[in-house]
Structure formats: structure tokens, C-alpha cells
Amino acid sequence: MAERNERHKGLVLHARDTARGDRIIDFLCDEGLLSLFLFGGPKSTLRSAATPFVSAEIEAYRDRRSDFIKLTGVNILETYEGIQKSFSHMQTASGAVEFILHTSAFGGEYSQALAMMTSLLRELDEIDEGHAGLALHVFLWKALVPLGLAPDTSACERCGRPFSEKGSLPGRLLMGERSLLCAACSEERREQGFPVSAMIWFDAEALSCLKMALQRSYGEAAQMVGASSSSSSVRAIIESLAESAAEGPLQSLRLFH
Ligand SMILES: [Zn+2]
């Protein structure tokens with residue numbers, strides 16, 4: 001048989017229209033990140049069901065010869081009210097999706113990306129507008145772990161000196177790089193010509209915030225980062241690492257500035 005029908009449970013991440021007026025849906029499920037084709041005009045019932053941020057069980061028809069997947073059915077399982085609360089809430093959800101698409105679901109960690117995205121969408125309902133943007137930072141920070149790109153927050157990557165040691169802080173993250181450096185190593189890099197304007201400063205408070213964020217829910221971690229005296233440093237570190245991981249700028253982050 002050259003064709004087969006299949007079913008998947010997952011989340012609609014994104015929808016875009018082709019020049020011909022057909023729609024392509026990016027759908028994340030445990031089995032992968034699927035591009036599903038949806039034919040039919042604006043009045044199609046499938047089109048109104050398969051919209052971004054809807055969890056659904058879908059039916060699709062796969063043509064093995066062309067590896068082409070056509071969406072044939074959508075059964076909505078869960079919708080998320082939180083994204084409607086404010087522009088920031090919607091922007092946070094879109095930013096998380098942008099990162100998932102840019103990194104091919106954290107380098108193929110489909111189940112983990114799906115679980116993280118679903119909990120973010122559920123939690124958004126409980127997060128106030130002032131913290132919604134920070135929830136995106138927490139999402140990006142947590143996502144660096146499955147990507148294998150989370151930096152060591154306990155010691156300098158270059159010389160191995162623990163950040164708990166006296167004189168090792170304040171440290172620096174060099175923008176575009178992936179490791180946290182102690183005071184001495186960042187000073188050395190500065191002497192070698194690395195521009196100070198592209199160094200992000202961090203202290204013990206910023207490091208403890210980053211560590212604790214991994215153990216908390218999005219809402220709790222966003223509140224903690226918001227209340228921290230090192231909030232701007234924590235945000236800058238996460239933005240720099242996330243954009244390195246995505247290998248380019250993230251539009252959604254820029255909109256928060
Ligand atoms: Zn060092």
C-alpha cells in the first residue's frame with residue numbers, strides 16, 4: 001500500500017497559508033513535528049478547528065511516495081483560555097512556539113517539547129499580565145536543558161573555578177557564546193579584545209535565580225525573576241543563550257522590549 005491513515009494526539013503550533021490558498025499546519029506530537037496540508041476554503045470546518053494553541057487528536061492521510069500528509073479530521077481535546085488574557089500572554093505562547101520551530105522541537109525531543117508547551121499554555125491562565133513575558137524567559141531557560149545547551153551555573157566553564165569562591169564574581173556571559181565565565185576569565189577575554197558592551201554581567205543572585213527557575217512552575221519562576229534585583233541580568237542571559245540556541249533572533253523576544 002502506498003498510502004495509509006494515521007492518528008496523532010498533540011498540539012497545533014502554527015498555521016500558514018500557501019500562495020494557492022491551502023493551509024499548512026505545524027503539529028507537534030510524540031511522534032514528531034508534522035507539517036499537515038489542509039485543503040479547502042475559509043469555510044472549511046477543519047480549518048476552523050485546526051487553529052494554533054489547540055490540543056487535538058488528528059487524522060491524517062499519508063502518501064508514502066511523496067511523504068505528503070493531508071489532514072482529514074480534527075477532534076479538539078483542550079483549548080487554553082490563558083492566551084486570550086492579554087497581548088503579552090499571546091506573545092509568550094507565540095514565542096515558545098517560535099523557539100520550538102526554530103530548534104526542530106529541541107533537536108527532536110518531541111515529547112518533552114509537547115509536555116513543556118502544554119503546561120505553559122495551561123499555566124498562562126494563572127499568570128498576570130506583568131509576569132507573562134517572564135514566563136517566556138523561564139520557558140526558554142528550561143528548554144536549554146533538553147537541547148543540551150544549559151550552561152554550568154556552579155563553576156566557570158573556562159578555568160573550573162566555583163562561583164561560590166570569593167572573588168570569582170561578578171562573572172560574565174559573552175554574547176554569542178554558551179558558557180558563564182568567572183571575573184578573572186572575563187577580564188582576560190576583555191584584554192584580548194572582546195567588547196565589554198557584548199558582555200552580560202551576573203552575580204550570585206542571578207545564578208541562584210537561574211538555578212531555582214528550573215525547579216519551579218512557569219508562574220512561580222516568573223514571579224521570582226520579576227522580584228529579583230538581578231532580573232535584567234537574568235533576562236539578558238536567557239535571551240542571549242536562547243538566540244544562540246535558535247541560531248538567530250527570536251521575533252517574540254524583540255516585541256517585549
Ligand atoms: Zn574562570
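A residue counts as buried here if 20 or more other C-beta atoms lie within 10 Å of its own. With that in hand, welcome to a few close-up views of this predicted model.

View 1. Phenylalanine 106 has 20 other C-beta atoms within 10 Å, so it is buried. For context, most residues other than glycine have a negative phi.

**View 2. Serine 104, where helix α2 is followed by a positive phi.** Serine 104 belongs to helix α3, residues 104-108, and its phi is near 50 degrees. Is serine 104 buried or partly exposed? Serine 104 has 13 other C-beta atoms within 10 Å, and is therefore partly exposed.

**View 3. Helix α2, residues 87-102.** Among the buried residues of α2 are Ser88, His89, Thr92, Ala96, Phe99 and Ile100. Gln91, Ala93, Gly95 and Val97 are buried too.

**View 4. Strands β6 and β8, an antiparallel pair.** Strand β6 (residues 171-174) pairs with β8 over four bridges. Look for glycine 171, which stands opposite phenylalanine 202 in β8. Strand β8 spans residues 199-202, with Ile200 and Phe202 on its covered face. Met199 and Trp201 make up the uncovered face of β8.

**View 5. The cis peptide bond from leucine 169 to proline 170.** Omega of this bond is near 0 degrees. Where does proline 170 lie? Proline 170 is in the loop between α5 (129-143) and β6. As a reminder, most peptide bonds are trans.

**View 6. The contact between domain 1 and domain 2.** The domain assignment places domain 1 at 3-79 and domain 2 at 86-257, and the C-alpha centres of the two domains lie 32 Å apart. Domain 1 gives 13 residues to the contact, and domain 2 gives 13 residues. On the domain 1 side that touches domain 2, β1 (3-17), β2 (23-29) and β3 (32-38) each supply at least two residues. Which strand gives the largest share of that side? The answer is β1, with four residues. By class, the side of domain 1 that touches domain 2 holds six nonpolar, four polar and three charged residues.

Technical notes:
Residues numbered from 1 in each chain as written. Predicted model: local features only at pLDDT ≥ 70, side-chain atom pairs only at ≥ 80, totals over all residues. Expected span 1.5 Å × (residues − 1). Buried ≥ 20, exposed ≤ 12 C-beta atoms within 10 Å, placed from the backbone. Domains from an automatic or database assignment. Contact = placed C-beta atoms within 7 Å. Nonpolar A, V, L, I, M, F, W, Y, C, P; charged D, E, K, R; others polar. Pairing = 2+ DSSP bridges.
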